[in-house]
Amino acid sequence: MEQLTIPNTSLKVSRLCAGCMGLGGGWTTDHVLTPEDERQARGFLDAALALGINFFDHANIYARGRAEEAFGKVMRERAGLREKIVIQSKCGIRWADDPQGTPQRFDFSAQSIVESVDGSLRRLGTDYLDILLLHRPDVLWEGEEIARAFDALKRAGKVRYFGVSNQNRFQMEYLQSFLPGPLVANQLQMSLLHHGFAEVGISFNQAAPGYPDGWEGVLEYCRLKGVGLQAWSPLDRGALTGSARSNLSESAQKTAALVKQYAQARGLPAEAVALAWLLKHPARIVPILGTTRPDRLAACARSLEVNLTREEWYTLFEAARGRPMP
Ligand SMILES: NC(=O)c1ccc[n+]([C@@H]2O[C@H](COP(=O)([O-])OP(=O)(O)OC[C@H]3O[C@@H](n4cnc5c(N)ncnc54)[C@H](OP(=O)(O)O)[C@@H]3O)[C@@H](O)[C@H]2O)c1
């Protein structure tokens with residue numbers, strides 16, 4: 001699989017990243033990892049590796065820690081694998097009742113960041129994360145405190161690089177101003193049906209509906225500074241590629257039909273075209289795939305065979321936005 005070097009790092013990663021949110025048996029509090037959960041993780045990891053995917057996205061909260069746990073169990077069965085793959089995890093979202101009686105909240109305190117990483121390392125069975133992302137902005141954050149936590153983690157060899165997720169340009173700039181090293185990633189929801197990142201580029205200065213607040217300058221800032229862009233939910237959870245969703249808007253239905261048409265013309269699965277739309281963007285957006293199924297991972301990998309024409313790209317965009325270009 002095609003690889004790229006994440007800017008400002010020595011990390012060579014596959015063009016597609018495998019998201020691990022679907023591992024670990026779901027989100028309920030009382031679930032304990034089962035042999036079936038481990039089988040799923042084994043099948044997922046082996047399929048990803050066979051396709052040339054070496055980049056894996058986690059979070060401390062996925063399946064309440066069990067996604068990292070399941071992944072860690074399988075990784076320990078594969079001698080020497082850790083050094084061959086790039087593991088990213090996240091911190092900063094805290095469930096209610098952690099500890100008992102507390103509300104759900106965001107927590108970028110130094111103590112919470114460091115403790116979260118220690119938990120991820122324990123569950124994954126590794127000494128280090130390649131990348132740590134702050135999951136969702138904490139309203140009560142302090143740049144100095146985050147910088148202290150990052151410094152401690154870096155010095156201890158527990159995290160190699162740091163990034164963010166779901167942050168706008170000003171939040172990135174604010175945080176960066178406290179850090180000695182560059183933020184290397186921003187993971188955002190980007191897809192054909194969540195196309196604010198593209199809409200912002202064309203609807204400025206237009207008296208048109210749908211101007212996507214918050215996206216101003218995000219792509220340009222990241223491209224100028226070398227912050228890698230990552231897309232979560234790149235397939236809109238299967239909305240355009242055959243998942244049984246009855247509540248698709250008219251524009252989404254039209255987009256799904258076009259995706260299917262372009263895919264059939266190439267003899268490829270619909271996933272390949274939906275992802276190719278993101279891959280075409282010159283910012284080299286890395287899709288974070290959400291499937292855990294080997295067959296769907298393989299279908300997604302075929303996106304690297306597609307080079308949409310500019311005309312196809314805009315036809316898909318126009319269908320998804322539901323109105324003509326300005
Ligand atoms: N930073 C953040 O805030 C954030 C938020 C959400 C997710 N993430 C990351 O992004 C990754 C991807 O997110 P996502 O799971 O929402 O991505 P996605 O690729 O858009 O959706 C994949 C999900 O949709 C399901 N699906 C059902 N039918 C499908 C079909 N026909 N085609 C494709 N998928 C279908 C998949 O199930 P199967 O497993 O059965 O294929 C899987 O659960 C996650 O694993 C996580 O690592 C980050």
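This is a predicted model: local features need pLDDT of at least 70, side-chain atom pairs count only at pLDDT 80 or more; totals for chains, interfaces and linings use all residues.
Residues are numbered from 1 along each chain as its sequence is written, and side-chain values use heavy atoms, without hydrogens and water.

The protein contains 11 helices and 12 strands (DSSP runs of H or I with at least four residues, and of E with at least two, respectively). Its radius of gyration, taken over C-alpha atoms, is 20 Å, close to the 20 Å given by the globule rule for 326 residues, so the protein is as compact as a globular protein of that length (the rule is 2.2 Å times the number of residues to the power 0.38). Along the principal axes, the C-alpha atoms fill a box of roughly 50 × 45 × 40 Å.

The ligand is surrounded by 28 residues (each with a heavy atom within 4 Å of the ligand), and the closest are Asp-57, Ser-233, Arg-237, Thr-291 and Arg-296. This shell comprises eight nonpolar, 13 polar and seven charged residues, with Gly counted as polar and Tyr as nonpolar.

Polar contacts (pairs of N or O atoms within 3.5 Å) involve several side chains. A polar side-chain atom of Arg-237 lies 2.7 Å from a ligand oxygen atom, and one of Arg-296 lies 2.7 Å from an oxygen atom of the ligand. In the side chain of Tyr-62, an N or O atom is 3.3 Å from a ligand nitrogen atom. The ligand taken alone exposes 910 Å², of which the protein buries 87% (Shrake-Rupley method, 1.4 Å probe).

Note on methods: A polar contact is a pair of N or O atoms within 3.5 Å; within protein, one must be able to donate a hydrogen and the other to accept it, and residues adjacent in sequence count only if both atoms are side-chain atoms.
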